[in-house]
Amino acid sequence: MKSKILFWILAVLVFGSLLTVGFVFFRTDLYKFLLIEGIAILAIIFFITLYYRLIKPYQIISDGMELLKEQDFSTRLRPVSDSEANKLIEIFNKMMDQLKDERLQVREKNHFLDLLIQASPQGVIILDFDDKITEVNPSGLRLLSINNINDVKNKKLDESGINIGDQLSKLKQGEDVVIRSSGITMYRCSRSSFIDRGFAHPFILIEELTHELLKIEKKSYEGIIRMMAHEVNNSVGAVSSTLNVISDILQQNENSELIDVLPAVDASFDRCKHLGHFISNFAEVVKIPEPSVSDVSINELARSVESLSRAECLKRNINLNLNLTTEKDLACIDSIQFEQVLVNIVKNAYEAIDKNGDINIITTSQPLSITIEDNGPDIPEETKQKLFTPFFTTKQTGQGIGLMFVREVLLNHNCKFDLKSENGRTKFEIFF
């Protein structure tokens with residue numbers, strides 16, 4: 001715009017100067033007057049030509065720059081009478097067409113990517129350049145039990161309250177690991193990035209592997225247990241029969257020199273019987289029947305468990321408290337199997353406390369759940385990660401099948417569950 005004004009100021013000055021000089025010779029020298037006026041007319045023609053050759057194309061380019069600045073890729077420049085300017089306009093319009101197409105493609109790809117992320121069965125956590133959460137897709141919210149995206153938005157992973165947030169925060173670029181939560185849920189997590197405005201924008205993919213890994217695990221230990229049960233039962237049966245015969249012979253002949261061996265024979269017989277019982281317990285875990293479900297009041301279930309466990313708790317001076325919802329909430333479960341599960345969990349709680357403590361059985365409606373909470377010692381993180389592993393136990397006389405039974409029953413009922421232990425409170429939560 002400034003160049004255009006300067007151009008016309010120059011044109012006016014030149015034409016005005018020539019016109020003024022011409023009128024000086026108008027009365028004295030007509031020939032010089034006509035010559036100067038001719039030069040003035042040529043100057044006008046020159047400036048008009050120069051305007052259409054230089055200033056007009058420059059103005060068109062300036063207008064085009066404004067369109068680019070405003071990112072208006074739909075408007076086109078109209079051709080003018082100058083062929084050289086038209087070449088420039090043609091190139092500019094082609095560039096605008098290309099920019100419009102590229103922008104449309106980017107929008108379509110971004111829209112498709114957004115739809116893909118929203119529909120993906122994998123959880124996606126998108127982070128900003130400071131590793132703060134900017135977005136979590138619906139699968140991520142579901143997998144990580146996040147009720148509202150605003151609860152974690154603009155927070156770092158280890159400050160977000162996500163149950164595996166600490167492990168996720170330690171993931172390095174390109175790393176792909178399996179992370180286990182405090183319950184039995186296992187996630188495959190990988191960290192990668194995409195380029196945004198020339199910078200690497202990080203994101204984390206989360207995939208739940210729990211059911212696949214547990215199927216493989218169960219198939220493996222079922223085979224081992226069957227083989228062990230077959231071999232041990234055959235051997236124990238033969239040894240027990242032999243020991244029984246030896247015991248009868250020794251008892252019939254009281255004067256035998258081997259009568260002192262009789263207690264050892266009886267003890268060995270009892271040991272064989274215990275070994276058979278031990279193996280039978282393992283075999284029972286893999287033979288848990290399919291649940292026979294019906295509508296069961298979770299409050300009545302909690303009262304039943306409290307009645308079954310009250311005597312042992314009183315013996316240990318442990319307060320067993322009920323904190324039940326006022327609603328008549330029903331769960332579609334196998335009441336017998338679930339009662340065994342809850343008794344098992346309460347048993348673990350009072351054994352962990354040993355003496356003098358509190359156990360609370362809590363039911364809630366939103367969400368529908370039962371929680372067993374105790375004030376026993378905190379469970380170390382390393383132990384907590386292994387508690388639901390088959391045959392793992394922290395008890396000297398334990399077999400490692402109590403929580404294994406709990407796990408199988410809850411999985412057969414499609415229940416979610418979690419074990420939390422911190423600040424002197426251990427909570428086992430079951431969600432229907």
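Modeller: Two strands count as paired if DSSP finds at least two bridges between them. Helices (H or I, at least four residues) and strands (E, at least two) are DSSP runs, numbered from the N terminus. This is a predicted model, in which local features need pLDDT of at least 70 and side-chain atom pairs count only at pLDDT 80 or more, while totals for chains, interfaces and linings use all residues. Residues are numbered from 1 along each chain as its sequence is written, and side-chain values use heavy atoms, with hydrogens and water left out.

Colleague: In what order do the strands of the open sheet with mixed pairing lie?

Modeller: Strands of a sheet pair through backbone hydrogen bonds, either parallel or antiparallel. Here five strands follow the order β7-β9-β10-β12-β11 in an open sheet of mixed pairing. Its edges are β7 (318–323) and β11 (416–422), each of which pairs on one side only. From one strand to the next, the twist averages 10°; axes are lines fitted to C-alpha atoms, for helices over the stretch in contact, and angles run from 0 to 180 degrees between N-to-C directions.

Colleague: How many bridges join β10 to β12?

Modeller: Six bridges join β10 (residues 369–374) to β12 (residues 425–431), and the two run antiparallel. Within β12, phenylalanine 428 is the residue opposite isoleucine 372.

Colleague: Which strands form the edges of the antiparallel sheet?

Modeller: That open sheet has five strands in the order β2-β1-β5-β4-β3. The edges are β2 (133–136) and β3 (176–180), each pairing on one side only. Neighbouring strands are turned by 25° against each other on average, direction ignored. Three bridges join β1 (residues 123–127) to β2, and leucine 127 has isoleucine 133 in β2 as its bridge partner.

Colleague: Which strands does helix α8 lie across?

Modeller: Contact here means heavy atoms within 4.5 Å. Helix α8 (residues 298–315) lies across β7, β9 (357–364) and β10, at about 170° to β7. Helix α9 (residues 335–353) lies across β7, β9, β10 and β12, at about 150° to β9.

Colleague: At what angle do α8 and α9 pack?

Modeller: Angles under 35 degrees count as roughly parallel, over 145 as roughly antiparallel, 65 to 115 as roughly perpendicular and the rest as oblique. The helices α8 and α9 pack at about 40°, with axes 10 Å apart, and are therefore oblique to each other. Residues of α8, including Leu301, Val305 and Leu308, meet residues of α9, among them Phe338, Leu342 and Val346.

Colleague: How many aromatic pairs are found in the whole structure?

Modeller: Rings of Phe, Tyr and Trp (its six-membered ring) pair if their centres lie within 6.5 Å; planes under 30 degrees apart count as stacked, over 60 as edge-to-face and the rest as tilted. The search finds three pairs. One of them, phenylalanine 338 with phenylalanine 432, is tilted, at 5.4 Å centre to centre and 35° between the planes. Phenylalanine 338 belongs to helix α9 and phenylalanine 432 to the segment after β12, 94 residues apart.

Colleague: Is phenylalanine 338 buried or exposed?

Modeller: Buried means under 20% relative accessible area, exposed over 50%, and partly exposed in between (1.4 Å probe, protein chains only). Phenylalanine 338 is buried, at 0%, whereas phenylalanine 432 counts as partly exposed at 30%. The rings of phenylalanine 417 and phenylalanine 428 have centres 6.0 Å apart and planes at 5°, so this pair is stacked. Both phenylalanine 417 and phenylalanine 428 are buried.
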